[in-house]
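Biologist: I'd like to go through this one with you and ask how you back up each label. Could you put it up on the screen?

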Amino acid sequence: MSKVIVIGAGLAGMMAAIKAGEKHEVILLDGNEKVGKKLFITGKGRCNVTNNKDISEFFDYIPGNPYFLYSALYTFTNVDTMDFFNKHNVKLKVERGGRVFPESDKSSDILKGLLCGLNESNVKVMINSKVTDIISENNIIKSVIINNEKVIEGDYYIIATGGASYPLTGSRGEGQKFAEKLGHKIVPLKQSLVPIEIKEPWIKELMGLSLKNVTVEIKSKNKCLYKEMGEMLFTHFGLSGPLILSGSRYIEENKEYNIIIDLKPALDEGELDKRIQKDFQKYINKDFKNALDDLLPKKIIPIIISLSNINELKKVHDITREERKNLVRLIKNFNLTVKGLRSLNEAIVTAGGVDTKEIDPSTMKSKIINNLSFAGEVIDVDAYTGGYNVQIALSTGYVAGNNI
């Protein structure tokens with residue numbers, strides 16, 4: 001029986017420890033005061049634990065090295081994830097877009113399921129045990145140093161320390177630094193799934209407005225990079241929400257981008273024009289500013305009026321056909337200028353990490369260090385929102401723990 005040291009008690013580390021613990025002695029180390037700290041903010045505190053789409057469809061939602069994940073995702077699928085939690089008395093439910101949540105809407109239930117698994121596998125969990133150094137010799141790890149003083153030796157090591165987003169949860173990119181020290185190439189870390197800052201000064205007037213069933217398109221030099229329909233949110237600095245977070249993956253620093261929002265994607269321009277004519281007929285003797293309440297959320301109406309260049313006090317019956325057509329185009333093409341991305345500290349996921357070319361995709365073993373594997377976000381893999389990143393963490397953790 002080998003002694004396995006798992007560094008990082010997030011989703012990937014816990015699953016790696018559970019699986020490795022079936023055959024080996026396992027110590028799970030984490031620098032936080034409790035395990036699974038990032039879990040509590042996943043899915044707005046509800047923990048979107050996977051997605052119930054067919055596993056073959058997952059790769060369409062993984063922009064960061066999807067092919068590397070084929071073996072892991074087919075070895076431990078979303079169905080296996082749901083079976084694991086059902087077996088550990090965590091009831092699940094499926095919501096819009098195939099997102100899978102605990103029935104209780106409490107991420108703590110997901111953690112309870114994982115703790116139950118750790119207990120069954122007799123994993124020794126050591127919290128407040130921050131790995132501060134890794135000692136290696138001749139491509140073999142000899143030991144780890146905890147809190148700059150205590151030495152722990154093992155036969156095998158799994159690094160599952162996460163990315164560098166949400167540093168308050170303990171994810172500070174340290175696993176990538178350890179991997180680099182051991183000889184691994186690190187793809188530079190950058191924010192992924194992060195809110196977007198907008199240049200237009202009036203954007204703060206829309207703060208708190210949430211839109212459902214809109215289409216968001218991200219363009220650079222008139223080339224469409226991303227287009228999806230769903231939910232988004234206006235903030236004091238710009239945009240957030242599921243559509244925006246996924247779209248942020250396509251935005252690079254120091255390049256120019258525009259975001260075009262179709263506020264009424266269910267209607268083409270002709271249909272929207274007819275709808276507006278119907279509303280204008282209803283409010284024919286009203287001022288223009290009082291004629292859009294049936295069509296748009298109240299908060300966005302003053303902005304639309306301002307951008308339409310139609311005087312807000314103009315009577316509806318005096319609005320010209322051309323002005324109405326311009327209004328239609330504005331609603332279908334609400335154009336915003338990207339200022340940049342919010343910081344890595346605010347990102348849900350980190351892109352970049354240990355280069356996948358130096359990891360065996362079928363075992364998660366290092367191709368450089370003989371007794372080392374990786375799992376989860378420490379690796380250069382990332383996906384959109386919808387449960388895909390959590391599934392990647394669990395799948396890579398399972399494979400890493402199963403192949404010692």
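Biologist: What share of the contacts in the protein with a separation of 6 or more comes from residues 24 or more positions apart?

Modeller: That share is 71%. Keep in mind that this is a predicted model. In secondary structure terms, the protein has ten helices and 19 strands.

Biologist: How much of the protein counts as buried?

Modeller: Of its 404 residues, 54% count as buried. The accessible surface is about 18,100 Å², and carbon and sulfur atoms hold 47% of that. Along the principal axes, the C-alpha atoms fill a box of roughly 85 × 45 × 35 Å.

Biologist: Let's take a helix, then. What makes α1 largely enclosed by the rest of the structure?

Modeller: Ten of the ten residues of α1 are buried, so the helix is largely enclosed by the rest of the structure. Buried here means under 20% relative accessible area. Among those residues are Leu11, Met14, Ile18 and even Lys19.

Biologist: And what do the buried residues of α1 pack against?

Modeller: They pack against strands β1, β2 and β10, and against helices α3, α4 and α10.

Biologist: Why is α1 called roughly parallel to α10?

Modeller: The axes of α1 (residues 11-20) and α10 (residues 388-402) cross at roughly 30° and come within 7 Å. Angles under 35 degrees count as roughly parallel, so α1 is roughly parallel to α10. The crossing is right-handed.

Biologist: Which residues meet there?

Modeller: From α1 you have Leu11, Ala12, Met15, Ala16, Lys19 and Ala20. Their partners in α10 include Val390, Leu394, Gly397 and Tyr398. The residues of this contact divide into nine nonpolar, three polar and one charged.

Biologist: On to single residues. Why is lysine 177 called exposed?

Modeller: Exposed means over 50% relative accessible area. Lysine 177 has 53% relative accessibility, so it counts as exposed. You'll find lysine 177 in helix α5 (residues 174-181).

Biologist: Is phenylalanine 288 buried or exposed, and how do you know?

Modeller: Phenylalanine 288 has 0% relative accessibility. The cut-off for buried is under 20%, so phenylalanine 288 counts as buried. This residue sits in the loop between α7 and α8.

Biologist: What does phenylalanine 288 touch?

Modeller: Leaving out residues up to four places away in sequence, phenylalanine 288 touches Phe280, Ile305, Ile310, Val316, Ile319 and Leu327, among others. Its C-alpha is also 9.3 Å from that of aspartate 318, a residue 30 places away along the chain.

Biologist: What makes the phi of asparagine 128 worth a mention?

Modeller: The phi of asparagine 128 is near 50°, a positive value in a residue other than glycine. Asparagine 128 is in the loop between β6 and β7. Asparagine 139 likewise isn't a glycine and has a positive phi, of about 60°; it is in the loop between β7 and β8.

Conventions. Residues are numbered from 1 along each chain as its sequence is written. This is a predicted model: local features need pLDDT of at least 70, side-chain atom pairs count only at pLDDT 80 or more; totals for chains, interfaces and linings use all residues. Side-chain values use heavy atoms; hydrogens and water are left out. Axes are lines fitted to C-alpha atoms, for helices over the stretch in contact, and angles run from 0 to 180 degrees between N-to-C directions. Helices (H or I, at least four residues) and strands (E, at least two) are DSSP runs, numbered from the N terminus. Angles under 35 degrees count as roughly parallel, over 145 as roughly antiparallel, 65 to 115 as roughly perpendicular and the rest as oblique. A crossing is left-handed if the near helix is turned anticlockwise from the far one by less than a right angle, and right-handed if clockwise. Contact means heavy atoms within 4.5 Å. Ala, Val, Leu, Ile, Met, Phe, Trp, Tyr, Cys and Pro count as nonpolar, Asp, Glu, Lys and Arg as charged, and the others, Gly among them, as polar. Buried means under 20% relative accessible area, exposed over 50%, partly exposed in between (1.4 Å probe, protein chains only). Accessible areas come from the Shrake-Rupley method with a 1.4 Å probe; for residues, only the protein chains shown count as cover.
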